[in-house]
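Okay, hi everyone, thanks for coming. Have a look at the structure on the screen, and I'll walk you through a few spots in it.

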Amino acid sequence: MKYQIQGETLPVVVCQLEGGEKMITEGGGMSWMSPNMKMETTTNGGLGKAFGRMFSGEKMFQNVYTAQGGSGMIAFASSFPGSIKAYEIAPGQEMIFQKSAFLAAEAGVELSVFFNKKFSSGLFGGEGFIMQKISGYGTVFAEFDGHVVDYELQPGQQIVVDTGHLAAMTATCQMEIKSVPGVKNMLFGGEGLFNTVISGPGKVWLQTMPISNVAGILRPYLPSGS
């Protein structure tokens, strides 16, 4: 499989497949394709994995596209202004994504739910609690909100992130959701009640415009329901 990521504000990844090669995406992920791409809807690993994907922000069923009778082309566009990133997945090279970051992948890639180890703190930490673990073999494409900035953390090095800005990290990183210290800070600081602390070693990708932040800004301007 060969690919090219095109566009800046609303990017698209265009994949060129050899005959018999497969791509997976959730329903509605395909943007355009050549006529020889065959689609099959599947739980892709059984109901257990399907429920795990649902809890991590994805749909239970996935679509598998196969190039039949020769090479084929399929494109996956982002659903929000931002960035598309490609990652190579293999044993020992697993990734953790924010909810709903998965766009498409080669058929050897597997999605599962990732829970923060500190359940009590994560339960009240909002977006940072349930994430996606990406494992298996192959290339995976993720869509992130806004521009993406990455940091390489050394062993024991930490970065404190407003929860919604965490886009992805290598599975070697550790994360902990902590409450903002001080009652006054929590009530009047305007930064929310929780932050996510990421510890190295590993790499972290941060997004500049979480869609949850955009929704919060727009909410006062939207008509309220009757």
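The largest nonpolar core has 19 residues, and the ones that touch the most other members are Tyr87, Met95, Phe97, Ile134, Val140 and Phe144. Keep in mind that what you see is a predicted model.

Where does this core get its residues from? Strand 8, strand 9 (95–97), strand 10 (102–106), strand 11 (109–115), strand 13 and strand 16 (166–170) are the elements that each give two or more. Strand 13 gives the most, with three residues. As a bit of background, nonpolar side chains in soluble globular proteins tend to be buried together.

Leaving aside residues up to four places away in sequence, Phe97 touches a whole list of others, including Tyr87, Phe102, Met131, Ile134 and Val140. Gln132 is on that list too, and so are Ala142, Ala167 and Ala168.

Now, the rings. How many aromatic pairs are there? The count comes to four. One of them is Tyr3 with Phe141, edge-to-face, with 4.9 Å centre to centre and 75° between the planes. Tyr3 sits in strand 1 (residues 2–6) and Phe141 in strand 13 (residues 138–145), so this pair ties together parts that are 138 residues apart in sequence. And are these two buried or exposed? Tyr3 is partly exposed, at 37% relative accessibility, whereas Phe141 is buried, at 0%.

Here's another pair: Tyr87 and Trp205, again edge-to-face, 5.0 Å centre to centre with 85° between the planes. Tyr87 belongs to strand 8 (residues 82–89) and Trp205 to strand 19 (residues 202–207), so the pair links parts 118 residues apart in sequence. Tyr87 is buried, with a relative accessible area of 7%, and Trp205 also counts as buried, at 10%. You've met Tyr87, Phe97 and Phe144 already, in the core.

Definitions and conventions
Residues numbered from 1 in each chain as written. Predicted model: local features only at pLDDT ≥ 70, side-chain atom pairs only at ≥ 80, totals over all residues. Heavy atoms only, no water. Phe/Tyr/Trp six-rings, centres within 6.5 Å; stacked < 30°, edge-to-face > 60°. Helix = DSSP H or I, 4+ residues; strand = E, 2+ residues; numbered from the N terminus. Buried < 20%, exposed > 50% of the residue type's maximum accessible area, 1.4 Å probe, protein only. Core = buried A, V, L, I, M, F, W, Y, C linked by side-chain atoms within 4.5 Å. Contact = heavy atoms within 4.5 Å.
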